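Subject: Structure handover

Hello,

Here is the structure I promised to pass on. My notes on what was found in it follow below.

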Amino acid sequence: MPANSLQAGSQDGFIRLSLVQPFVNYLTDRQIDPRRTFDDHGLSVDTVKDPSLFVHSEVVYGLLNAFAGLADDRYLGVHVGELHDFSKWSPFAESVATSTTLGQFFAKFIQRIPRETNSVEHKLIIEPGGAVYRVARLQEPGVDPIQVTGFGAAHYVRLLRSVTGDAWDASQVSFESRFIVGVPSGYAGIETRLVDDPGMRLHFPTKWLFQEMNFDSSVAQRQSDQSGEEISVVTAMRSVLRNRLADPDLGTKAVAKMLGVEMDRLRRALERHGT
């Protein structure tokens, strides 16, 4: 499906193409060339830099799924979401700057997100027993938004962790989607559930909405730095073991020695990747 330049909101199901830039940066930093994948989707890598260009959402879904195959990373969306500096994304930055509580942030973020896409609808559902932040797809997707779902999981978990501070409790958080395959089981200590909803639903305690918002970008960055280290370990492991998978002596200790890392660090990296 070709790209279409249009004003946000003039047609349904479109998304700003520049939102895939974090994925391009991630691949480029790992010396993976995404240009052929762009060509296959009738796009150019340079078009990502044009903030006025919108494409149908399924173009983005297919593009990011293809990136995951190119990187040989089934959780690419999660890994990009963990490293993405969302404080530089205008809807997020504007909402943080003008909010004192998490509830205010979500209310303002929901107002600003239609500038970026009209393929989904964001809702905050508040009930006594818990709050739900829901991203509902306005059309049944013809292309599975697997990596977009993974990116969303990482993005919103990081957001909650960054603003709740000492109140953060992973056991009180759950993430649901039909495309949960893009998120490692038990990701970040939260519960991950398969449901019929093609969008995403993040459940958390209602009381967090009234907590003073104290977004700590340094905390988010420390989390990202650690994630990047773990991703590097797994990337190196894939390279080292590619031709040794039939070796009967392979084990955590042997692999850690090959990579020159501590066994605990290797285990953490594997756990984060759900393997």
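**Salt bridges and overall build**

R134 is partly exposed, with 26% relative accessible area. Here, buried means under 20% relative accessible area, exposed means over 50%, and partly exposed lies in between (1.4 Å probe, protein chains only).

Before the rest, a word on the source. This is a predicted model, so local features need pLDDT of at least 70 and side-chain atom pairs count only at pLDDT 80 or more, while totals for chains, interfaces and linings use all residues. Residues are numbered from 1 along each chain as its sequence is written, and side-chain values use heavy atoms, with hydrogens and water left out.

Back to R134. Its salt-bridge partner is D197, with the closest N and O atoms 3.1 Å apart. A salt bridge here is a side-chain nitrogen of Lys or Arg within 4 Å of a carboxyl oxygen of Asp or Glu. R134 sits in strand β5 (residues 130-137), and D197 in the loop between β7 (191-194) and β8 (200-204). The two are 63 residues apart, so the pair links distant parts of the chain.

D197 itself is buried, at 8% relative accessible area. D197 also forms a salt bridge with R201, at 3.2 Å between the closest N and O atoms. R201 counts as partly exposed, at 23%. These residues belong to a network of salt bridges that links R134, E176, E191, R193, D197 and R201.

Another pair is worth a look. The side chains of E94 and R115 form a salt bridge, 3.1 Å from N to O. E94 lies in helix α5 (residues 90-97), and R115 in the loop between α6 (102-112) and β4 (120-127), so the pair ties together parts 21 residues apart in sequence. E94 is partly exposed at 30%. R115 is partly exposed too, at 36%. The structure holds twelve salt bridges.

Now the whole chain. The protein chain has ten helices and eight strands. Both are DSSP runs, numbered from the N terminus: helices are H or I with at least four residues, strands E with at least two. The protein chain has 275 residues, and 49% of them count as buried. Among its contacts (heavy atoms within 4.5 Å) with a separation of 6 or more, 70% join residues 24 or more positions apart. The accessible surface (Shrake-Rupley method, 1.4 Å probe; for residues, only the protein chains shown count as cover) comes to about 13,300 Å², and 49% of that belongs to carbon and sulfur atoms.

Best wishes
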